Amino acid sequence: MDIAQIERILAIAGGVIVAVVSAIALKNDWKTPGLDNTVFKVMLALLCFGALLAIFAGAGFLGTFPKAA
Amino acid sequence: MAVASAALDAQHHEPVDQLYAETRDMRLIGFLFFLFSDVVLFSSFIFAYLYLRNSGQGWPPQGVPRPDVALAALNSAILFGSGATMHYALENWKHGKFFRYAGFMIATIILGAMFLTGQVVEYTALYTKEHVTWGGSGIFGASFFTLTGMHGFHVLVGVFYLITLLLQSVHGVYSKDKYFGLTAGTLYWHFVDVIWVVLFSIFYLI
């Protein structure tokens with residue numbers, strides 16, 4: 001197993017943890033009022049999206065391109 | 001830390017002073033304007049990069065390799081993880097759980113430092129193995145190092161900002177009802193995370 005594979009596995013594992021944790025935090029804060037909490041909700045949603053991107057990139061579904069000639 | 005925890009407990013029942021209550025929203029809006037100005041700064045560079053990218057014959061330019069997606073994905077997971085720990089640090093502060101707050105805050109600082117280390121590793125590999133430099137690799141090198149370097153600088157500032165907030169909270173600067181500095185720190189850290197979602201997408205995924 002080379003370093004890139006280990007990085008990909010860690011990225012997937014970390015991404016799954018972050019996606020789940022941020023989704024739970026978003027659910028818990030969903031009904032919290034206030035401008036700051038509204039901004040936090042947007043940020044948490046984007047954080048969850050970013051974690052999904054990290055998972056897909058780690059799994060090779062995104063960011064995989066043919067080698068340049 | 002025990003002193004800070006006791007101070008936090010003692011302050012739980014103090015009423016919020018009138019001036020703080022009246023100016024809190026103004027401070028928040030002021031800080032959001034500051035973050036918006038940073039969004040404008042990043043947006044101008046990002047749109048310049050996308051314009052240059054789409055005006056060329058191919059991307060990346062011939063002879064310039066694509067950056068390492070595996071390392072970037074791991075680094076992204078680390079930075080996004082720090083966003084989650086920062087969120088829980090603030091939540092624990094709001095609920096008066098000082099030691100949990102301190103733990104999450106320290107975890108955030110460590111994860112931020114790990115992200116910066118990952119970025120140094122990536123820069124070193126690009127420079128030594130692929131010979132990609134800021135000035136010698138055309139618009140790709142210039143835009144890649146400018147944008148990711150600018151983001152890395154924000155993370156570095158954020159790490160020192162969080163260390164300062166942690167020290168301030170240990171010394172009893174904040175209470176359960178007066179903690180705008182911590183809210184601002186959390187907003188700043190989430191902002192840094194969200195900017196990385198965009199940079200990660202445009203440099204590594206598309």
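Trainee: Where is Ala125(B) found in this predicted model?

Mentor: Ala125(B) is found in helix H4 of chain B, which covers residues 98-128.

Trainee: What makes Ala125(B) partly exposed, rather than buried or exposed?

Mentor: The relative accessible area of Ala125(B) is 28%. Buried requires a value under 20% and exposed a value over 50%, so Ala125(B), at 28%, is called partly exposed.

Trainee: How far apart are Ala125(B) and Asp68(B), in sequence and in space?

Mentor: In sequence, 57 residues separate Ala125(B) from Asp68(B), while their C-alpha atoms are 9.4 Å apart.

Trainee: Why are H3(B) and H4(B) called roughly antiparallel?

Mentor: The axes of H3(B), residues 69-94, and H4(B) cross at roughly 160°. Angles over 145 degrees count as roughly antiparallel, and H3(B) and H4(B) are therefore given that description. Their axes come within 8 Å, and the crossing is left-handed. The contact of H3(B) with H4(B) holds 16 nonpolar, nine polar and two charged residues.

Trainee: What makes H2(B) and H6(B) roughly parallel?

Mentor: The angle again. The axes of H2(B), residues 18-55, and H6(B), residues 180-205, cross at roughly 15°. The limit for roughly parallel is an angle under 35 degrees, so H2(B) and H6(B) qualify. These two axes come within 11 Å, and H2(B) passes H6(B) in a right-handed crossing. By class, the residues of this contact are 21 nonpolar, one polar and four charged.

Trainee: How do you know that the end-to-end distance of H2(B) agrees with its number of residues?

Mentor: H2(B) has 38 residues, which at 1.5 Å a residue should span 56 Å. The end C-alpha atoms of H2(B) are 56 Å apart, so the two values agree.

Trainee: Where is the kink in H2(B) centred?

Mentor: The kink in H2(B) is centred on Arg24(B) and amounts to about 40°. Arg24(B) is also one of the buried residues of H2(B). Others on that list include Leu28(B), Phe31(B), Leu35(B), Asp38(B) and Phe42(B).

Trainee: Why is Tyr179(B) called buried?

Mentor: Its relative accessible area is 15%. Tyr179(B) is found in the loop between H5 and H6 of chain B. Tyr179(B) and Lys94(B) are 85 residues apart in sequence, and 8.4 Å apart from C-alpha to C-alpha.

Methods
Residues are numbered from 1 along each chain as its sequence is written. Chains are lettered from A and ligands numbered from 1 in the order in which they are written. This is a predicted model: local features need pLDDT of at least 70, side-chain atom pairs count only at pLDDT 80 or more; totals for chains, interfaces and linings use all residues. Side-chain values use heavy atoms; hydrogens and water are left out. Axes are lines fitted to C-alpha atoms, for helices over the stretch in contact, and angles run from 0 to 180 degrees between N-to-C directions. Helices (H or I, at least four residues) and strands (E, at least two) are DSSP runs, numbered from the N terminus. Angles under 35 degrees count as roughly parallel, over 145 as roughly antiparallel, 65 to 115 as roughly perpendicular and the rest as oblique. A crossing is left-handed if the near helix is turned anticlockwise from the far one by less than a right angle, and right-handed if clockwise. Ala, Val, Leu, Ile, Met, Phe, Trp, Tyr, Cys and Pro count as nonpolar, Asp, Glu, Lys and Arg as charged, and the others, Gly among them, as polar. Buried means under 20% relative accessible area, exposed over 50%, partly exposed in between (1.4 Å probe, protein chains only). The expected span of a helix is 1.5 Å times one less than its number of residues. The bend at a residue is the angle between axes fitted to the seven residues ending there and the seven starting there.
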